[in-house]
Every structure is written in structure tokens, then in C-alpha cells.
Amino acid sequence: MQNTTVRWDIFCAVIDNFGDIGICWRLCRQLAAEHNIAVQLWVDDLASFNKICPQIDITADEQQHAGVLIQRWAKTTNWQQCTVADVVIEALACTIPAAYQQKMAQQPVKPLWLNLEYLSAEAWVEGCHVLPSPQPQLALDKHFFFPGFTAATGGLLQERAIQQQAALFMADAAAQQAFWQKLAVPDYERYQQKISLFAYDHPQIESLLACWQQGPVNTLCLVPQGALANQLAGLYPQLAQQAELTLHNLTLKLVPFVAQEDYDKLLWACDINFVRGEDSVIRAHWAAKPFIWQIYRQAEQAHLDKLQAFMQRYCAQMPTDAAQALTAFWLAWNTEHDLADSWQKFSAMLLQIADYNQQWRAELTANGDLASNLVHFVEKKFIMRRNFS
Ligand code: TRH
């Protein structure tokens with residue numbers, strides 16, 4: 001049964017890539033499925049949405065899927081005709097349309113307005129999480145809500161059953177076989193190492209591929225459609241034509257973008273996962289295989305501070321030799337350094353890192369998941385309002 005006493009509106013503007021819609025869609029689905037909340041998602045780019053959720057009809061102005069009402073957020077949307085929700089979330093620094101803001105301010109009972117921020121492991125986040133951000137021109141309060149890696153933040157998006165689903169999949173040979181068939185990799189068992197490589201383009205990619213070609217194990221590297229796949233197709237015409245290429249001990253395979261649920265399976269089915277942006281890196285945490293994060297690049301190298309902050313938290317309890325190898329390879333992967341030497345050292349530590357990832361995942365899970373933490377915050381605010389009105 002849906003919790004129809006309150007309605008949540010979530011606004012998502014797609015800046016580029018898939019992180020904005022990936023995060024918003026995951027959050028909406030979880031609010032509907034696990035908290036019975038009536039959720040409406042306003043999104044300005046249905047074509048990007050369709051890539052991570054193929055059931056989305058890119059021509060529809062309004063549609064329902066997975067218990068969520070999805071609305072096209074267009075320049076022509078008539079905000080005067082919309083009813084304002086009880087909880088309004090502007091996700092990842094998007095700005096809610098001015099007309100909708102005006103309507104929020106006109107409500108006899110003002111909606112709770114939250115700014116769901118970008119993910120960062122930096123220390124300042126704890127001090128800003130849930131702080132009010134007064135909007136005097138509208139006589140409305142907005143609150144910051146920060147995802148994060150500690151109990152003093154909003155936590156991370158994690159579905160209630162995801163770890164159980166991952167464990168079941170990894171113990172189910174038939175499910176894995178079905179998955180590899182779907183990806184057109186029937187001979188998956190002949191590879192001793194499977195790597196998913198979801199990344200932006202990379203100036204040193206050939207130095208890493210050379211390590212895998214000359215490496216001691218038979219490696220399958222799966223590259224989802226996108227910037228890096230385009231770069232590789234440019235480097236290797238045969239890969240562009242046949243979507244697959246074997247170079248000594250390395251088989252490179254371009255794979256289509258799959259639905260979000262299947263992307264999780266890819267992370268579970270591979271031994272090492274290269275991830276990027278904000279959402280896939282968190283999915284790699286739940287898969288708990290060794291992973292390498294290519295952080296979204298920002299102007300003036302601001303992303304490198306965020307990367308350092310994350311590595312410090314992640315590696316704090318990791319055995320020193322593994323932490324040093326990981327830090328060196330991650331830094332090389334996020335800058336323009338040659339990758340060969342740091343890869344050799346990193347790959348020697350894979351078992352220790354995989355082991356440690358179980359502990360790190362348990363620590364993060366103990367902070368509570370982002371959707372539940374949001375729901376608790378909203379409930380607390382509503383109770384306070386009732387008590388003081
Ligand atoms: O696509 P991204 O680079 O998104 C980025 C970041 O979020 C960045 O912080 C943000 O500022 C920028 O977008 C605008 O990487 P990210 O965050 O990992 O999002 C990818 C989404 O795509 C994620 O939800 C997983 C999903 N995905 C699939 O559903 N199928 C696939 O086959 C693949 C490879 C990914």
C-alpha cells in the first residue's frame with residue numbers, strides 16, 4: 001500500500017552522462033519500493049533515462065514505472081497546473097523552476113525542501129549535512145542533505161536486499177551463465193580474470209592494455225558503450241568492426257549499455273571493476289570486488305582533492321602495503337601517468353583488497369542507507385512541525 005499521506009517530488013536535470021539520472025532513479029525506486037512513498041520524478045532528459053532503464057518511453061510526457069510517476073520536465077511545462085508535493089528534492093545542484101518555487105511559497109503548509117548534494121568524502125560535509133539554507137525571498141527553508149561515508153552524513157544509496165542478491169548471484173552458476181549468454185560471452189569460463197572497464201577516455205589506456213596483453217593470466221576486459229569504448233574503437237579498427245579483439249592474453253569486448261540491474265550483475269560477475277562518476281563507484285562498493293575509481297573531472301583539478309579525501313577514508317584500516325599500491329594506481333589512473341608499474345603493484349594486492357572490501361562494506365552499511373536516512377529526516381521534521389504549530 002502506498003503512503004499517500006505525503007507525496008515527494010524529485011527534480012533531476014541531466015548535466016551530462018548518466019550519474020544524475022542514475023542516482024535519482026535509484027532513489028525514487030527505493031522510496032517507492034521500500035518506503036511505500038508516492039514519488040514523482042521530474043526529469044529533463046528521457047533519452048538518457050532510457051539508456052539505464054529501457055522501459056522508459058522517451059515520447060511520453062507522463063508515465064508510471066516501478067511504482068514511480070515520471071514526468072517530463074520541459075521548457076514548456078505548465079507549472080501553474082501542477083500540485084506541489086509535501087517533500088521536494090532538488091537533486092545534484094539542479095534548480096527547481098521559479099514558478100514551482102513560487103507555488104511552494106504560496107502553500108498554507110509549506111513543503112519540506114531538500115537539496116540533495118553531490119557525494120564527497122571531505123571532512124567539511126559532516127558540518128554541512130542537514131543545515132538549513134534560508135531562502136528569504138520566498139520565506140521558505142531549504143535543507144542540505146549530503147550523501148557520505150560516515151554516520152554524520154546521509155549515507156549512501158543501497159537497496160535493502162542488494163548484498164543478499166549479490167551473494168545469491170555469485171553462488172548461482174546457472175544465473176551467471178544466463179548473464180554471460182545475454183552479454184554474448186558464451187566462453188566466459190575460459191578467462192582466468194574478468195575486468196569491467198567503465199571509464200572516461202584515458203590518455204594512458206594503451207599502457208594498461210599492454211600489461212594485460214603480456215600478463216600471466218587470460219583476461220577478458222568488457223568495455224561498456226561510451227567515451228572509452230569510442231577511444232578504443234579509434235585505436236583498434238578491428239574492435240570497431242567486430243566489437244571484440246584478442247591481443248595475446250587479453251580479449252577486449254565492447255558491450256552495450258545495459259539496464260541498471262544488469263550493470264550490478266556485471267560488477268558481481270567480474271573480478272575487478274573500473275568505475276567512474278558517483279553512482280557506479282557506490283555499486284562497486286556493494287559488489288565488494290577490487291575496484292578502481294575514475295572520479296568525474298572538475299575544473300582546476302578540484303576532483304583530485306575529493307579523490308584524496310575518499311582514498312584516505314577508504315584506506316584508513318587497509319593493510320599498509322595494499323593501501324600504498326591502491327593509492328598509487330588510483331592516482332595514476334586519475335592523472336596522466338604511465339600505468340604499467342603501478343598496475344603490477346596493485347594487481348599483486350588483489351586478494352588483500354577483496355578481503356578488506358568486505359569489512360569496508362560492512363562499515364558503510366552500518367551508517368544506514370541514504371533513502372532511509374532521508375525518510376527519517378523528513379519524519380523528524382514533520383513531527384517537529386506538528387509539535388510547534
Ligand atoms: O555516467 P557518469 O560519468 O555520471 C557522472 C557522475 O555522476 C558525475 O559525478 C556527475 O557530475 C556527472 O555524471 C554529471 O557515472 P556514474 O555516476 O557512475 O553513472 C553511471 C550510471 O549508469 C550508473 O547509474 C550506472 C549506470 N549504468 C547502467 O545502467 N548500465 C551500464 O551498462 C553502465 C555502464 C552504467
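In this predicted model, Lys 253 is buried, because its relative accessible area is 9% and the limit for calling a residue buried is under 20%. Lys 253 belongs to strand 12, which covers residues 250-255, and its side chain reaches the backbone oxygen of Ala 184 at 3.4 Å. If residues up to four places away in sequence are not counted, Lys 253 touches Leu 183, Ala 184 and Val 185, then Leu 220, Cys 221, Leu 222 and Val 223, and also Ala 243 and Glu 244.

Ser 196 sits in strand 9, which is made up of residues 193-197, and with a relative accessibility of 1% Ser 196 counts as buried. The side chain of Ser 196 makes a polar contact of 2.7 Å with the side chain of Asn 273.

Helix 7, residues 205-214, is mostly covered, with 7 of its 10 residues buried; the buried residues are Ile 205, Ser 207, Leu 208, Leu 209, Cys 211, Trp 212 and Gln 213.

Strand 7, by contrast, can be described by its two faces. Ser 133 and Gln 135 make up the covered face of this strand, residues 132-135, while Pro 132 and Pro 134 make up the uncovered one. Together strand 7 and strand 8 form a hairpin with 4 residues between them, and in the turn Ala 139 has a positive phi of about 55°.

The next topic is the aromatic rings. To describe a pair of such rings, one gives the distance of the centres and the angle of the planes. The model holds 38 aromatic pairs, and one of them is formed by Phe 11 and Trp 42, whose rings are stacked at 6.0 Å centre to centre with 10° between the planes. Because Phe 11 lies in strand 1 (residues 3-12) and Trp 42 in strand 2 (residues 37-43), this pair ties together parts that are 31 residues apart in sequence. Phe 11 counts as buried at 0% relative accessibility, and Trp 42 is buried too, with a relative accessible area of 4%. Elsewhere, Phe 149, Phe 291, Trp 293, Phe 310, Tyr 314, Trp 330, Tyr 356 and Trp 360 form one aromatic cluster.

Finally, consider the ligand. There are 23 residues surrounding the ligand, and the closest are Asp 16, Tyr 200, Val 258, Asp 279 and Ser 280. A polar side-chain atom of Ser 280 lies 2.6 Å from a ligand oxygen atom, an N or O atom in the side chain of Arg 276 is 2.8 Å from an oxygen atom of the ligand, and a polar backbone atom of Phe 18 is 2.9 Å from an oxygen atom of the ligand. How much of the ligand does the protein bury? Taken alone, the ligand exposes 710 Å², and the protein buries 98% of that.

Notes
Residues numbered from 1 in each chain as written. Predicted model: local features only at pLDDT ≥ 70, side-chain atom pairs only at ≥ 80, totals over all residues. Heavy atoms only, no water. Buried < 20%, exposed > 50% of the residue type's maximum accessible area, 1.4 Å probe, protein only. Polar contact = N/O pair within 3.5 Å; in protein donor to acceptor, adjacent residues only side chain to side chain. Pairing = 2+ DSSP bridges. Phe/Tyr/Trp six-rings, centres within 6.5 Å; stacked < 30°, edge-to-face > 60°. Near = heavy atom within 4 Å. Areas by Shrake-Rupley, 256 points an atom, 1.4 Å probe, with all protein chains shown as cover. Contact = heavy atoms within 4.5 Å.
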